[in-house]
Structures are given as structure tokens and as C-alpha cells.
Amino acid sequence: NLEAMLRKKAEDAFELGLSYFREGDWTQADDCFTLVRIFETDRPRAYLADVFVSFNREYYNRAMASLLRALDLAKGPEDLKIDRFIERMYAGENFEAKRREFLRTLEKVNLLATANPDADQISILQAYFTWLNGDLATTRNALDRAAKHPAAEDLARRFGKLQVMLKEVTDNPASAPS
């Protein structure tokens, strides 16, 4: 049936996008995740993948917009994760090598947040990436910092949803990503 065919096409495009991401081909990865967004209008995973792609391309506003759209679609914190994202998205000979690649992204967002303490969007991206890393103290600090400088009413509303979701996991460490 058509629904099953679209799910298969979305899955194939997502996997191909992850492959391009591992190779550092941001343009091709972006194209694949755009297709996934067309096929899966009700799921956040293509938007989450775009957060990574856009961040690596230094399109921080787009990364933030994709994170906000993913938040709109997420029903809970579990929906804000790409299953096994480190092993699926990062290149490396083993898990530790792949994890080091993710930690480079995390280091970059932390440096940006330190250099731009009043940039609420960078703080929200920092909160997301540090949450994925299981660093709940930094997540909470980044959320608190961002809450002081909401850019707009809509951002504040969406940020509130992120804050509630991430507060839930910072208050319950067992639910944090592993």
C-alpha cells in the first residue's frame, strides 16, 4: 500500500542521509533529510538530523529552526533522539572513535556558547547537545541562560516545551540518553 511504500522511502532516504553525514557531505545529507521531512510530516527525526547537518554547516539559525520544529512534533524527550545517533551518524573504526567525533561537535557548541553568553539560540542548541551527551548539569545551565533572553514570544513558547522536556530528564537521570 501507499503508506508502507512512503515509510520505506523515508527509511531509505534517512539511512542514506546518515551515510552522507558520516562522510561529511552536508549537501547530500541535507537533500536526503529534506525528502524524509516530505514523507514523514508528523515525525521529528528528519528535523533532528537537520540540526546536526545545519550545525556542521555553521547555519546556526537553521539548526535552531529545525530543533524548534522537532519540538513541535515531539511528544516527549524520547522523540528528541535519533536512535543510536553516535554509531549511525559519525565515522570511525569503533564506537569510541565515533564518540570522539560527536564530542568535537559538543566542544564547538560549548565554545560558541561561552563566546556568546547572551545568544539564546546557541544556549538552546548547547542544551540539546549536552543533553544528548548526558551532561545534565550543563544542560540545565544552558536552559537557564537561554530563558533569560528569549528572542520572541514564539521562541519562548517553544523553548518552554524544551525546558519542560529536558527538565523532566534532568530531574530523572535514568531517562537521559545513554
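**Figure 1. N133 in the loop between α7 and α8.** N133 is found in the loop that links α7 to α8 in this predicted model. With a relative accessibility of 21%, N133 counts as partly exposed, because that class begins where the buried class, under 20%, ends. Leaving aside neighbours within four places in sequence, the residues in contact with N133 are R99, F102, L103 and L106. For one of these, L103, the C-alpha atom is 8.4 Å from that of N133, and the two residues are 30 apart in sequence. With another, R99, N133 makes a polar contact from side chain to side chain at 2.7 Å.

**Figure 2. Packing of helices α7 and α8.** The view shows helix α7, residues 120-132, against helix α8, residues 136-147. The angle at which they pack is about 160°, and their axes are 8 Å apart. An angle over 145 degrees counts as roughly antiparallel, so α7 and α8 are roughly antiparallel to each other. The crossing of α7 past α8 is left-handed.

**Figure 3. Residues at the contact of α7 with α8.** On the α7 side, the contact is made by D120, S123, I124, Q126, A127, T130 and W131. On the α8 side, L136, T138, T139, A142, L143, R145 and A146 take part. By residue class, the contact of α7 with α8 holds 7 nonpolar, 5 polar and 2 charged residues.

**Figure 4. E40 in the loop between α2 and α3.** E40 has its place in the loop that lies between α2 (26-39) and α3 (45-56). The relative accessibility of E40 is 7%, so E40 counts as buried; the cut-off for that class is under 20%. The side chain of E40 makes a polar contact with that of R45, at 3.0 Å.

**Figure 5. The whole chain, for orientation.** The secondary structure of the protein comes to 9 helices and 0 strands. Read from the N terminus, the order of elements is α-α-α-α-α-α-α-α-α. The protein has 178 residues, of which 46% are buried. For contacts between residues at least 6 apart in sequence, 61% join residues at least 24 apart.

Terms used: Residues numbered from 1 in each chain as written. Predicted model: local features only at pLDDT ≥ 70, side-chain atom pairs only at ≥ 80, totals over all residues. Heavy atoms only, no water. Axes fitted to C-alpha atoms, helices over the stretch in contact; angles between N-to-C directions. Helix = DSSP H or I, 4+ residues; strand = E, 2+ residues; numbered from the N terminus. Parallel < 35°, antiparallel > 145°, perpendicular 65-115°, else oblique. Left-handed = near helix turned anticlockwise from the far one by under 90°. Contact = heavy atoms within 4.5 Å. Nonpolar A, V, L, I, M, F, W, Y, C, P; charged D, E, K, R; others polar. Buried < 20%, exposed > 50% of the residue type's maximum accessible area, 1.4 Å probe, protein only. Polar contact = N/O pair within 3.5 Å; in protein donor to acceptor, adjacent residues only side chain to side chain.
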